[in-house]
Amino acid sequence: MMKRPRFNYSQEYIPHAYMELSMPPIGGEFSMPPNYLHIWPRGQFMMIGLPNQDKSFTVTLFMPTITFENIKDRDSLLHFFNDNFRDSIPLIGIERLVNDFFSNRALPLVSVKCNPYNVGGKSLIMGDAAHAMVPFYGQGMNCGMEDCLVLEDALDRNNMDIGLALEDYSNTRNPDAEAMCDLAMYNYVEMRDLVNKKSFLVRKKLDNFLHWLLPSWWVPLYTSVTFSRMRYHKCVSNRAWQDSALGKISSLVGICGLACSVWLVSFSWPDSKLDPKQFLSYLLTMPSMAHREL
């Protein structure tokens, strides 16, 4: 397909890699609560733990390649873990940590986008062949399975005409697959960095509250991607609409607060020479003045 004209293809290796380690059971039981995704977010890198049926955890390090390369021996590894993941050392075990780390190698992470997915009515690529993605949204396999549903819908819409159906599938699926690749990239930043920020946690609670209050009207990004059949590119546009709506509401609340403050000052000190309209106008120009200064 890559030899054919008008076939668009891009492949991006991100400057981060991953390595899997093992956290064994302790006393025949899970070493951590099993019904959670455990994350150690550290800004530019992170470690996650996922439970296995044998009551062990697969612990995966995601870090810049240069960080892996700088860990060259036992001492540098233990120093790194003591600085960043100290609580995990007794759970993994020092000897197991050292053996697992130096018996494995850091593996690359790649994202693939291409278009179209078909060659007439003769061939079609699906799954990772069409849209390989980094693993941070946990949607790679789900996206590949959903490809089959989308293809089935395309066949039904086109009365089982293979040529028309494959063309329809390619045009329909591409914007969603590329949106999912972008979402997976974004979620790495969210997992390793944003989850430590208070603003992110407040937004998360607000999203969950609004979804509880208005479940069919306000659907958080993660919920729409993971637990619905909403098309991936519409999940992205829905999140953009939510961001815009919250921004406008925040601005409106701020303006109302300023107006109430001006009214309160005028009411409390009726003999003051404060002109409420002039004072409010001045306050409203402060953000633009600050922006010009910056």
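Cysteine 181 is buried, at a relative accessible area of 1% (buried: under 20% relative accessible area, 1.4 Å probe, protein chains only). Cysteine 143 is likewise buried, at 0%. The model is a predicted one, in which local features need pLDDT of at least 70 and side-chain atom pairs count only at pLDDT 80 or more, while totals for chains, interfaces and linings use all residues. Residues are numbered from 1 along each chain as its sequence is written, and side-chain values use heavy atoms, with hydrogens and water left out.

With a disulfide taken as a pair of cysteine sulfur atoms within 2.5 Å, the count is 0. For cysteine 143, the nearest cysteine sulfur is that of cysteine 181, 7.2 Å away.

Mean pLDDT (the predictor's confidence in each residue, from 0 to 100) is 89 for the chain, and 87% of the residues score at least 70. Over residues 289–294 pLDDT stays under 50, and this segment has 0 contacts beyond four places in sequence (contact: heavy atoms within 4.5 Å).

Helices (H or I, at least four residues) and strands (E, at least two) are DSSP runs numbered from the N terminus. Leu97, Val98, Asp100 and Phe101 are buried in helix H4, residues 94–103. The packing partners of the buried H4 residues are strands E1 (8–23) and E4 (57–64), together with helices H1 (65–70), H2 (74–84) and H3 (89–92).

A nonpolar surface patch comprises Leu206, Phe209, Trp212, Leu213, Leu214, Trp217 and Trp241, with about 770 Å² of accessible area together. Helix H8 (residues 198–213) supplies the largest share of this patch, 4 residues. Tryptophan 217 is located in the loop between H8 and helix H9 (221–226). Patch residues have over 30% relative accessible area and no salt bridge, with nonpolar side chains (Val, Leu, Ile, Met, Phe, Trp, Tyr) joined within 5 Å; a salt bridge is a side-chain nitrogen of Lys or Arg within 4 Å of a carboxyl oxygen of Asp or Glu. Accessible areas come from the Shrake-Rupley method with a 1.4 Å probe.

Terms used. Buried means under 20% relative accessible area, exposed over 50%, partly exposed in between (1.4 Å probe, protein chains only). Patches are made of residues with over 30% relative accessible area and no salt bridge: like charges are joined within 9 Å, nonpolar side chains (Val, Leu, Ile, Met, Phe, Trp, Tyr) within 5 Å.
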